[in-house]
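Have a look at it first, and then we'll go through some of its parts.

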Amino acid sequence: MSDRRKERNSLVILRLALRNIKEGGLRTYLNVAALVLVILLIIGFQGLFDGMLASTTRAMIEDEVAGGQFWHENYDPYDPLSIEDSHGRIPEKLRNSIKEGEAEPVLIRLGTIYPQGRMQTALIRGIDPKQKVLSLPTETLLTENTDLPVMIGTRMARNMKLKEGESLIIRWRDSKGTFDAAEGRIVSIMNTQVPAIDEGNLWVPLDRLQEMTALPGEATIIIMGSDTDGHTPSSGWIFRSRDQLMSDIREIVRTKRISSLIIYLILLFSGMLAIFDTQVLSLFRRRREIGTLIALGMTRQQVIALFTLEGMLYGIIALAVSILLGLPLLFYLTSEGIALPEIIDSYGIAMGERLYPVYSFELVAGTVILIMSVVTVVSFIPTRTIARLNPTQAIQGKIT
Amino acid sequence: MSIVSVKGLVKKYPNGTNWFTALDNVNLEFMKGEFSGVIGPSGSGKTTLLNMIGALDSPTEGYSVIAGKDTRNMNSRESARLRNHHIGFIFQTYNLLSFYSVYENVELPLLLLELPGQERRKKVLDALEWLGIEDKVNSRPAQLSGGEKQRVAVARAVVKRPDLVLADEPTANLDSENSFNILEMMVKLNRELETTFIFATHDEKVMKYLRRKIHLMDGRVIKDERSTEGEKQFGHSQARP
């Protein structure tokens, strides 16, 4: 068959399929509605996860991870007992970067605070108040007050019932193991999405902490300003790239995404079941029509193509309706975000008060391709019976 | 000129462990412009023979040549093309597509022939006019009477001016009045367009019109009768009941 003839043939089949779909009435509406629901829910939920990952990643990079970190070889953030020995001289190689503001040393020590007469363990983090590597308001630590200036996060303030301007007793051990204590004053309460640097953390000026702990010129971690994997290893220090530091959060989001996949599969299955049912019923109900079309000169392949195309058209119409209904909704969600309940904070994921979904081209195109592929397959499978259909029986409304 | 030639046609269907012979060594020849019928009781093989001639079914043995085309080695695409270009079907139950209007039903064979829109429109309207149903152009089959439905079916069968029209019990579901009208129209079409008509029927009303009656019994041709009676009748159309 010539290309032109094939093209004309396809147009005839498309015309017939469109006519049948148009006349499908309630059957068409229900199938399209089921598919629209599936498309919007899949894109909607995936967009939420993408948004969650994007927001978390951005917050962690800005407030905690920056471009990667050198960790003292003993430092293990998941083992508080390792903190005591996690300090060392800032490597010579990095001093220049620190001086130029491209890297920032942080000294982390274990301490105890006594807010409102209670005792609470805390991590005391010393950082240069003038640093620009992290997007934390550390400049608030620049104060003439003789008390130790302390910056805490909103979660810490809420849990410890601490307010700006209040003071609290801080106790720590210096490098020799001697206990010491001082009065600290809350100079600012920062709002950060990253719980790991908020809850149980006191931010103080680096030089003061080095002095308090008798660890001059030492640090626990050195945060690098720019993202690179090519840092020269320094003895006693291990470089953790941004990718490595973000791997936990990516894993959490991936796990949540996988669990949500089950929901998508159920949704997808329901949508496809609707199409499949429609096709099977159509083949049964329209067997006389199939026989007639064959008698009128259609080949079986054309009839199969007609029925498959009808199924696919449900998908195409559903996509069009999804664009019409979904675009404004998704646009609204992208610009306004979704308010998150406070309990989300306890999940340990760095998320703000609002979650802004991200609907990428890849997500939309991927979903469209997925839906159309599945719809095509599901539409085609039942029509294979046409190939075995005896037209003389079908004309009489019988299926053999 | 021969339009249909059937040679040694045998059709057997599996029937449990045995075979049921629906057609047994049928040899027939139909000439262009014939108005003939295959008659016989139910189960005699009339519809099977029409299906074979219409390339809707393949024989167990033998072959047929339709409009000069040997159907022996035809694949499904070629037989579809043969039906599309040369054969029109009329069914007992009309087999109109319920989704489509009268116009769309009649237009369907022309769409499959990929005729241009203007030509299709003209042919459809002409066919509807011949059949006297031009006022039903936008009606759906459900809105038509049995007689009107069969007229639409006839229009659909003849709209592409086929060489051959196969009509399987076309009047079985019609009353006498409608049967008469339909048959008169078929006679007129046969005369004006020289379309060959082959009926499968056991309806006495149809038989009166036939110029040739092929009697089938248990799949065999028992009599091939050419009468002048039918010819006379359609010459002055006085078969009204």
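A residue is called buried if 20 or more other C-beta atoms lie within 10 Å of its own, exposed if 12 or fewer do, and partly exposed in between, with the C-beta atoms placed from the backbone. The other word we need is "element": helices (H or I, at least four residues) and strands (E, at least two) are DSSP runs, numbered from the N terminus.

A bit of housekeeping: this is a predicted model, where local features need pLDDT of at least 70, side-chain atom pairs count only at pLDDT 80 or more, and totals for chains, interfaces and linings use all residues. Residues are numbered from 1 along each chain as its sequence is written, while chains are lettered from A and ligands numbered from 1 in the order in which they are written.

Let's start with helix 4 of chain B, residues 117-130. Its 14 residues should span 20 Å at 1.5 Å a residue, and its end C-alpha atoms are 20 Å apart, which agrees. (The expected span is 1.5 Å times one less than the number of residues.) Which residues of helix 4 of chain B are buried? They are B:R120, B:K123, B:V124, B:A127 and B:L128. Looking down the helix axis, these buried residues fall within an arc of 130°, so they line one face of helix 4 of chain B. That arc is taken from the directions between the helix axis and the C-beta atoms.

What does the buried side of helix 4 of chain B pack against? Its buried residues pack against helix 3 and helix 5 (146-158) of chain B, where contact means that two C-beta atoms, placed from the backbone, lie within 7 Å. The face turned away from that side carries the exposed residues B:Q118, B:E119, B:K122 and B:E129. B:K122 counts as exposed because it has 12 C-beta neighbours inside 10 Å. Just after helix 4 of chain B comes B:G132, with a positive phi of about 70°.

**The sheet in chain B**

Chain B also has an open sheet of six strands, with mixed pairing and the order 6-7-8-3-9-10. Two strands pair if DSSP finds at least two bridges between them. Strand 6 and strand 10 (220-226) of chain B stand at the edges with a single partner strand each, so one side of each has no neighbour in the sheet. On average, neighbouring strands of this sheet are turned by 15° against each other, direction ignored; the axes are lines fitted to C-alpha atoms, for helices over the stretch in contact, and angles run from 0 to 180 degrees between N-to-C directions.

Within the sheet, B:I39 stands opposite B:H215 in strand 9 of chain B, and B:K213 has B:E225 in strand 10 of chain B as its bridge partner. Strands 9 and 10 of chain B form a hairpin with two residues between them, and B:D218 in the turn has a positive phi of about 50°.

B:L210 and B:R226 are 16 residues apart along the chain, and their C-alpha atoms are separated by 8.6 Å.

**Strand pairs in both chains**

Here are some of the pairings side by side.

| Strands | Sense | Bridges |
|---|---|---|
| strand 3 (35-39) and strand 9, chain B | parallel | four bridges |
| strand 9 and strand 10, chain B | antiparallel | six bridges |
| strand 3 (103-113) and strand 4 (120-127), chain A | antiparallel | eight bridges |
| strand 4 and strand 8 (201-205), chain A | parallel | five bridges |

In chain A, A:V106 stands opposite A:I127 in strand 4, and A:I124 stands opposite A:L202 in strand 8.

**Where the chains meet**

How many residues does each chain bring to the contact? Chain A gives 17 residues and chain B gives 20 residues. On the chain A side, helix 1 (3-22), helix 7 (287-295) and helix 10 (391-395) are the elements that give two or more residues.

Note on methods
The expected span of a helix is 1.5 Å times one less than its number of residues.
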